[in-house]
Amino acid sequence: MTAAQVPLAAWLLFAAPVAALLFGFFVMRRFKPEWTHLPILASCLVVTGAAFWLAADVYTGHSFDLNLFRWAGAGAFGVDFGLRIDGPGVAVLAMVAFVGSLIHLYAAGYMKGDAGFARFFLVFHLFYLAMIGLLTSNNYVQLYLFWELVGVCSYLLVGFWYKKESARKAALKAFMVNRIGDFGLLLAVLLITLQFKVTHFHLAYLKVVSGAPLDLLPLIGVCLVWAACAKSAQFPLYFWLPDAMEGPTPTSALMHAATMVTAGVFLLVRSWPLIAAVPGLPHAIAWIGAFTALFAAIVAGTKKDLKRILAYSTVSHLGLMMLALGLDQVGAAIFHLIVHGFFKAALFLCAGNIAHGLHQSTANVDDVGGLQKSMRLTYLSFGLAALSLAGIFPMGGFFSKDAILDAAWHHGGAMAVMAMLVAAGSAFYIFRMLFLTFYGARPGQKCPSDIHEAEPILGIPVLFLALGAAAAGLLKGPIERFVVIGFRGLPGGLPELQSVVLNLPGEPLLPALNPVVAGLGTLMALLGALAAWRVTMSDPGFDWRWRGGFAEAMFESDFGWKTAMGRCASAVSWTARFVGRVLDKRGLDGLIEGTNGFARAAGAAVARSAQGRVNDYLWWMGIGTAVLLGRVLR
Amino acid sequence: MTALNLTAVVWGVTGALFFFGLAIVTLRRQLLAMLLGLELMLAAVNVSLVHHAGIFNDAEALAVVALVIAVAAAEAVVGLSLILRMRRGGRGADAALLTELQG
Amino acid sequence: MSMPLTLLWTLPLLGAVVCAFMGKRAKYAALAFSAAFLGAALAITWVARSTAALAVVTELGPVWAYGISYRLSADSLSLGLIALTALLNLICVASSWKLDVSAGYWACFMALASALTGVFLARDLFFFYVFWEATLIPMFFIIGLWGSSNRMHAALKFFLFTFSGSVFMLLALLALVSAHHRVTGVWTWDLALLDSTTLGAAAPLVFWGLVLGFAVKIPMVPLHTWLPDAHTEAPAAGSVMLAGIMLKMGVYGLLRIALPLFPVLSWEALPILGGLAALSTIYGAFCAMAQTDLKRMIAYSSIAHLGFCLLGVLSRTSQGLVGGSLQLLNHGLTTGALFLMVGFIYERAHKRGLADFGDLASRAPYLAFFFGFSTLASIGLPGLNGFVGEFMSLSGALAALPVLAFLGLVGVTLAAAYALPAFQAVFWAPEGPGSVSAKVTDLDFRERGVLWTLSALMLWIGLAPNAWLAWLEPSLRGLVR
C-alpha cells in the first residue's frame with residue numbers, strides 16, 4: 001500500500017484541524033476573535049465524519065499501517081512517521097472525535113464573552129489535533145510527540161484563567177507530574193530504540209511474539225507503566241487530576257474525562273504485547289488499578305466540590321480500566337474507555353451547566369440543592385449518566401462494568417472483592433452527588449431558586465452525550481469486533497506484514513453476560529445507592545457534612561498523600577536553592593572570584609621587596625654583581 | 001718584598017677598602033657618606049689597577065685608571081649637586097626619604 | 001573555487017572597518033554588510049550541498065615558517081555554524097536598531113562575526129587559534145562598554161577566564177606540533193596531517209590541555225562560572241551572539257580537533273567527560289531554578305542544554321553525533337530568541353528580575369506567545385527543534401554509557417521545573433508592588449519579524465529534521481566508532 005492509496009478521510013483527520021488552526025490564529029484571532037469557533041466547529045464536523053468513515057473502513061476489514069516519511073535518521077538510526085488505522089485506535093478515535101465535537105459546541109456557548117475566547121478555542125483544538133495524532137501514530141516516537149503536545153495543551157488550558165493563583169499552581173502541578181511520567185515514556189522509547197532498533201509498534205510486536213530473548217523488556221515495561229500511571233492518574237501520580245479542575249469545564253470534560261487521561265490506558269493497549277511478555281507486570285498493573293479504583297472511590301465520596309467528585313471518579317474508573325488490562329482483558333478495557341468517555345463528559349458538562357447557572361466557575365454542594373425542578377434537562381442528563389456510571393441495567397455502563405467485574409470475579413481473591421467494593425463505592429458517590437444536588441435541601445445548602453436551565457447550545461450536547469451513555473450498550477458488538485481486528489486481524493500497509501495474521505497477547509472478546517456477576521454487581525450498586533440515600537436524604541436533620549478534625553484533614557489531603565507529595569516538591573526547591581545560591585554562587589564562583597584577592601595578595605607580598613629604599617637596591621645590585629662575576633670567572 | 005707578596009698585600013688592602021666602601025654605601029643613610037663610600041670603592045679599584053698594570057706591564061690598564069679617575073670626578077660632581085638639590089628642596093640628605101620607586 | 005571562503009570571513013571584517021568610520025550612520029552599513037554576509041553564507045551552503053565531498057577547500061599561499069599555512073575548508077558542520085552566525089548577526093543588528101550606541105558597537109559585532117567565521121573555516125591550527133582568540137576582543141568590548149551596571153567586572157572575568165583556558169589549548173597545540181616535528185622532521189600546523197601518535201607518553205597531557213581549553217568555552221561544570229555574569233551584564237544582542245554561537249565554539253573544537261586527533265583517548269575519557277556533561281545538565285537545571293533574574297536563568301539553562309550536546313557528541317554513535325551537532329544549531333536559535341526577548345523587555349523597562357513583572361500576557365500577547373513558544377522549544381517539546389537534538393543525543397548516550405542517558409533524562413524532566421515557573425511569574429502572575437509591567441508595550445513589526453523567522457525555523461527543524469540531519473551527517477561520519 002502506498003501513500004496514494006491512503007483514504008482521503010485519513011488526510012482530512014489532520015488537514016482539517018491544521019487548516020482551522022492556521023485560519024483561526026492568523027485571520028480570526030486578529031480580526032474577529034469572537035468568531036474563532038466557527039472554522040473550528042467546521043473542522044470538528046469534518047474530523048468526526050472522517051473518523052466514522054475510517055471506522056467503517058476498518059469494520060469491513062481495511063485497516064492499515066503505513067510509514068509516510070522519515071522524520072529523523074543518521075547512519076543506522078532512523079525514525080519514520082506514519083499512520084496506523086486499526087481496530088482499537090479507530091474505535092477510540094471515533095469516540096474522541098464525536099464527544100470532542102459535542103464539547104466544542106458546548107464550549108462555544110460556555111466560553112462566550114470570555115476575554116480569552118479565541119485563545120481558548122485555538123488551544124482546545126490543538127489538543128483535539130494532538131489527541132487524534134496520538135491515536136493514529138504508528139510508532140513510539142510519534143506517539144511521544146503527540147503525548148507531550150497533549151500535556152502542553154493541558155497546561156495551557158488548566159491555567160487558562162491564569163489570573164487565579166490556584167489555576168497557575170494547578171497547571172504547573174499537572175505539567176510537572178506529567179513530565180515525571182514522560183521521563184518514563186522517553187526512557188522506554190530510548191530503550192525500545194536500543195533493544196528493537198525500530199520504534200514501530202508492529203515491528204516491535206513481531207519481535208516480541210517471535211520469542212527472541214529481550215533482556216531490556218522488563219525495564220521497558222515498567223517505564224511504560226510508570227508513564228501510563230502519570231497520564232492516567234493512577235496511584236501514586238494521580239494527585240494532579242483533582243487540582244486540574246481549575247480549568248474551564250469544557251477542558252475538564254474533554255481532557256480529564258474522555259480523552260487525555262485515557263491516553264495512558266491507550267499506551268498500554270498499544271504496548272500490550274510487550275507488557276504481556278514480562279512476567280508479573282500485568283498482575284502489578286491489575287493491583288495498581290484495583291487499589292486506585294477503590295481509593296479514589298472512597299475519597300470521591302467525601303468531596304464537596306462537584307467537579308472534584310467527578311475528578312476522583314475519573315481516577316477510579318481509570319483504575320477499573322487498568323484492572324481490566326491487568327487481567328488481560330483488552331476488549332473490556334477499551335469498551336469501558338469508550339463508554340466512560342460518554343457518561344463522564346455528560347456529568348462534567350452538567351456540572352458546568354450548574355456552575356454557569358450560578359454565574360460561577362465551579363460549584364460546591366453547598367451552593368446547590370433541590371435543582372430538580374429548575375434544571376430539568378440537566379437533571380435528566382445527569383440522571384442518565386449517573387445510572388450509566390453506577391452500572392445499572394440497561395445503561396451502557398452496566399455492560400462495560402460488567403465485563404470488568406466478570407474478569408475480576410473469575411480471577412478471584414482480593415481483587416474480586418475490591419472490584420465489587422468499587423461498584424458499591426461508585427454508586428455511593430454518584431448518587432450522593434445526585435441527591436445533594438437535585439433533591440431536597442439539606443442543612444447548609446443554599447438551594448438557589450433563581451437558577452434557570454442552560455441555553456440550548458449548552459443543553460443539547462449534554463443531552464446527546466447522556467443518551468450516548470445510556471445507549472452505549474449497543475456498541476458492545478462493534479467495539480468487540482474492532483478489538484478483535486486489532487489483535488487477531490490482518491493489517492494492511494506494511495510490507496513485512498502482508499498476509500501475516502496476528503495473534504497478539506490480550507483477550508479481545510468481551511465476556512458473555514454472567515447472571516451471578518451481573519446480579520452481584522447490580523446488588524452492590526443498589527447497596528451503594530441506598531447508603532447514599534441513608535447519608536443524605538433519609539434523615540432530614542442528619543448533617544451530611546464531615547465535621548472537622550482528623551477525618552477532615554485526612555480526606556482533604558487524600559489520606560496524607562498530597563502532603564507527602566508537597567514535601568517532595570519543597571525538597572526539590574530547597575535543593576535548587578542550595579545548589580544555585582550556596583554551591584554555585586558562594587562556592588564555585590567564590591573560588592574564581594577569590595583568585596582576584598589571591599592575585600592581589602601575592603602581588604602585595606612581592607611588592608614588599610620594592611619599597612623604594614636606595615640601600616636595598618644597592619644590596620641587590622651588589623649581590624647580583626657578585627653572583628654574575630662568580631659565574632663568569634669560573 | 002717579593003712581587004707576589006706585594007700583590008697579595010695590594011689585593012688585601014684594596015679589597016678591604018673596596019668592601020669597606022661597599023659597606024658604607026649600603027649601610028649608611030646619609031647621602032654624603034654614601035658618596036664618600038662610592039669614591040672609596042673607585043679609589044681602591046684604581047690602586048689595584050695601577051699595581052697590576054705594573055706587574056703585567058699593561059699600558060691599557062693605566063688608560064682605564066685615567067678613565068676611572070675622570071668618571072669618579074664627574075660622578076662626584078653630579079652626586080654632590082643632587083645632594084645640594086635635595087637639601088635646598090627642604091628635604092634632608094637622607095636615603096630613606098627617596099621613596100618614589102616604592103611599590 | 002579559491003576565493004569564496006576567504007570572502008566569507010573578510011566580508012564582515014570589511015564591514016567592521018567601514019562601520020568604524022561611519023559615525024552616526026554606522027548601523028546602515030552594519031545592516032548592509034550583515035545582509036550580504038548572510039546571503040553569501042546561504043549561497044555557499046546551497047552550492048556546497050550538492051558537491052560530492054561537501055568540502056570546499058581553499059589553500060592559499062606558501063607554507064610559512066614552522067609550517068604555518070593559510071588553509072580554509074568548509075563542510076556541512078562548518079557551514080551550518082557559519083550560516084547560524086550570519087543569521088544571528090543580522091538579527092542582532094536588526095534588534096539593536098533603536099539603541100543609541102556609537103559606531104564601535106556595530107563594528108564590534110561585525111568583527112565578532114568575522115572572527116567566528118574564521119574559527120569555523122580554519123583548518124590550520126595556528127589560524128584556528130588566532131581566530132579563536134580574536135573572538136574575545138570584540139566580545140570584551142561589547143560587554144565592557146555597552147553592558148549593564150556591573151559590566152567591567154563581567155567583561156574582565158569573561159576575558160581572563162576563557163583566555164586562561166585557551167592558553168592550555170595553545171600549549172597543547174605547540175606540544176603537538178613540536179612532537180610531530182621531532183618524530184617526522186616536518187614542521188606543520190595542518191590539522192589533516194597532524195597525528196597524535198607522535199606524542200607518545202605526553203598524549204594524555206595534550207588531550208586534557210585541549211579539552212580544558214574547549215571545556216571552558218562550552219562551558220562544562222565546574223568551569224562555567226564566567227557564563228552567568230557575562231550573559232547577565234552583556235547587552236541583549238551581545239548575549240544572543242555569546243549564547244548563540246560562541247558557546248558552540250567549544251563543542252566545535254572538540255568535534256574538529258580533539259576527537260579526531262585522540263580517538264582512543266577520548267573514548268577512554270568518556271566516563272569522566274560524559275559524567276561532567278551529565279552533571280552540567282542537572283547542575284545547570286538546579287541553578288536555573290534558583291535564579292531570580294531572567295537572563296541568569298536562561299544562562300544556566302544554556303549550560304544544561306550544552307550538556308546534552310556534549311553527551312550526544314561524546315557517545316560517538318551516528319545518532320548522537322549528528323543529533324548533538326543539530327542541537328548546536330537548535331540551541332542557537334532557541335536561546336537566541338529567548339535572549340532577544342529579554343532584551344526587548346529590558347529595553348522597555350530597564351529591569352529583568354522575575355519579581356519585577358507580572359501579567360504581561362494581557363499587556364503584550366505577542367511577546368507572551370513568542371516567549372512561550374521559545375520556552376517550550378528549549379525544554380524539548382516534541383514538534384519543535386529542541387526535542388530532535390535531545391532525543392538523538394540521549395539515544396546515542398544510551399548506546400554508549402546508559403547511566404549517562406538516565407542522568408540526561410533527569411535533566412530533561414528538570415528543565416520544565418525552571419522554565420515554566422519563570423514564564424508564569426512574568427506573564428501570568430498578577431503584578432506585585434514595584435512592577436514595571438506597564439512599561440512593556442507589545443512587540444513592534446521589526447521585532448515580530450525577527451521572532452517569526454526564528455520560530456518558523458524552530459518549527460521546521462522540529463517537524464521535518466531529516467533534511468537537516470542528512471545534510472550534517474557526512475561531515476561527522478568519520479567520528480563514529
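**Salt bridges and the A–C interface in a predicted model**

In this predicted model, C:Lys157 forms a salt bridge with A:Glu593, the closest N and O atoms being 2.7 Å apart. A salt bridge is a side-chain nitrogen of Lys or Arg within 4 Å of a carboxyl oxygen of Asp or Glu. Across the interface of chain A and chain C, three salt bridges are found. Over all chains the structure holds 29.

Local features need pLDDT of at least 70, and side-chain atom pairs count only at pLDDT 80 or more, whereas totals for chains, interfaces and linings use all residues. Residues are numbered from 1 along each chain as its sequence is written, chains are lettered from A in the order in which they are written, and side-chain values use heavy atoms, with hydrogens and water left out.

The contact (heavy atoms within 4.5 Å) takes 52 residues from chain A and 62 residues from chain C. The area buried between the two chains is about 4,800 Å². Carbon and sulfur atoms give 72% of this area. Buried area is the accessible area (1.4 Å probe) that two parts lose on being put together, summed over both. In chain A, A:Trp71, A:Arg179 and A:Leu190 lose the most area to chain C. Together they account for 14% of what that side buries.

Chain A has 24 helices and two strands. These are DSSP runs, numbered from the N terminus: helices are H or I of at least four residues, strands E of at least two. Of the 634 residues in chain A, 60% are buried. Buried means under 20% relative accessible area, exposed over 50%, and partly exposed in between (1.4 Å probe, protein chains only).

Within chain A, A:Asp86 pairs with A:Arg84 in a salt bridge, with 3.3 Å between the closest N and O atoms. A:Asp86 counts as buried at 6% relative accessibility, and A:Arg84 counts as buried at 3%. A:Lys585 and A:Asp589 form another salt bridge, at 3.9 Å. Both lie in helix 23 (residues 561-607), four residues apart, about one turn of the helix. A:Lys585 is partly exposed at 41% relative accessibility, whereas A:Asp589 is buried at 5%.

In chain C, the side chains of C:Lys98 and C:Asp444 meet in a salt bridge (3.8 Å, N to O). This pair links distant parts of the chain, 346 residues apart. C:Lys98 lies in the loop between helix 3 (76-95) and helix 4 (103-121). C:Asp444 lies in the loop between helix 18 (402-428) and helix 19 (445-463). C:Lys98 is exposed at 56% relative accessibility, and C:Asp444 is partly exposed at 28%.
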